[in-house]
Each structure stands twice: as C-alpha cells, then as structure tokens.
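My notes follow as numbered points, for you to read beside the model.

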Amino acid sequence: MSLLNHYVIALSLTSLTTFLLGIFVHFRDKKRTINWTFALYSISIAVWSGGEAIAATISDKNTALLLWRLNHVGVIFISILFLHFVFALLDIREKKRRIILYIGYIFSFIFLITDCSNLLISKVLPKFSFKSLIEPG
C-alpha cells in the first residue's frame, strides 16, 4: 500500500468521524449555541479532510485545483469556528467576545475571497507520490 493510500484513508476516516460527531452533537439539542458551533466546527474539519482526500488523488489539474480550493473553505473557517465554540463552551458573553468574533469572521471571509484567486493557491502539481498538491500563491 502506497503513502497516498494511507493518506487518503486517514483523511477519509477523519472526515467521516468528525462529520458524524458534529451531526450527532447538533441533533442532541439544536438550539444550544455550544451544539451548533461544535457542529459547524466539526463539519469544517470534515470538509477540509474529505476534500483533501479527494483532491490529492485527482490527476486532472483543473478539477484538482477546484477541489483544493473547495477544501480550503473548510480550512479557512476551522480557527474562527473553534474560537466561537470555545466562547460558547466557557459561556463568555462579554462585549469584547462579540468584537473578536466579528473581526475573526471578517478575516475568514477575506481569506474566502482570496481562495477564489491565485493569491492562496496558485496551481497544483504532481509531487512525491501524490497526483496533485498545491503550490502556494
């Protein structure tokens, strides 16, 4: 079994388990902030790992580039969703919290916009045993 196969299996399992965990927690009590923030955080990880598992195995450069950019949507939101979850977990409700979250989400959306250009990912290339890996912008 090659390195690529191990990598894809690990990413696929990560994607599946975090997605299922996030959905399970969300449906335990949909209205609690802690549940839906954890679910969104988990789904963000699932999008990242699942997208990378698929993108690394695609030979077509255009399709691979699109999949890498889609997988980075998950990557972009992991940190701010984790912070939002931690604030909900610790029940921090200060005004500073709201400002920090607004700033964090604004930066995330700026990175999301740059994800559509060559600034974040310029191209994909076959590297090592992977069919496509990103070349940073």
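**Notes on the model**

1. Let me start inside: Asn71 is buried because its relative accessibility is 1% (buried means under 20% relative accessible area, exposed over 50%, partly exposed in between, with a 1.4 Å probe and protein chains only). Asn71 belongs to helix H3, where helices (H or I, at least four residues) and strands (E, at least two) are DSSP runs numbered from the N terminus. Setting aside residues up to four places away in sequence, Asn71 touches Val47, Trp48, Gly51 and Glu52; contact here means heavy atoms within 4.5 Å.

2. A word on conventions. This is a predicted model, in which local features need pLDDT of at least 70 and side-chain atom pairs count only at pLDDT 80 or more, while totals for chains, interfaces and linings use all residues. Residues are numbered from 1 along each chain as its sequence is written, and side-chain values use heavy atoms, with hydrogens and water left out.

3. Now the overall layout. The protein chain has 4 helices and 2 strands, in the order α-α-α-α-β-β from the N terminus. Its C-alpha atoms fill a box of roughly 50 × 30 × 20 Å along the principal axes. Of the 137 residues, 36% count as buried. Among contacts between residues at least 6 apart in sequence, 60% join residues at least 24 apart.

4. Ala64 is also worth a look in helix H3, which spans residues 61-89. Is Ala64 buried or exposed? Ala64 counts as buried because its relative accessibility is 0%. Beyond its neighbours within four places in sequence, Ala64 is in contact with Ala55, Ile58, Val124 and Ser132. Ile103, by contrast, is 39 residues from Ala64 in sequence and 31 Å away in space, C-alpha to C-alpha.

5. Val124 has Ile134 in E2 as its bridge partner. Strands E1 (residues 121-127) and E2 (residues 130-136) run antiparallel and are joined by 5 bridges; two strands pair if DSSP finds at least two bridges between them. The hairpin has 2 residues between the strands, and Phe128 there takes a positive phi near 55°.

6. Please check the backbone at Asp91 too. Asp91 sits in the loop between H3 and helix H4 (95-115). Its phi is near 55°, a positive value in a residue other than glycine. With a relative accessible area of 48%, Asp91 is partly exposed.

7. Next, the aromatic rings. Rings of Phe, Tyr and Trp (its six-membered ring) pair if their centres lie within 6.5 Å, with planes under 30 degrees apart counted as stacked, over 60 as edge-to-face and the rest as tilted. By this rule there are 4 aromatic pairs. Why is the pair of Tyr41 and Phe82 tilted? The ring planes of Tyr41 and Phe82 stand at 45°, so the pair is tilted, and the ring centres are 5.3 Å apart. This pair links distant parts of the chain, with Tyr41 in helix H2 (residues 33-55) and Phe82 in helix H3, 41 residues apart. Tyr41 is buried, at a relative accessible area of 17%, whereas Phe82 is partly exposed at 39% relative accessibility. Phe38, Tyr41, Phe82 and Phe85 form one aromatic cluster.
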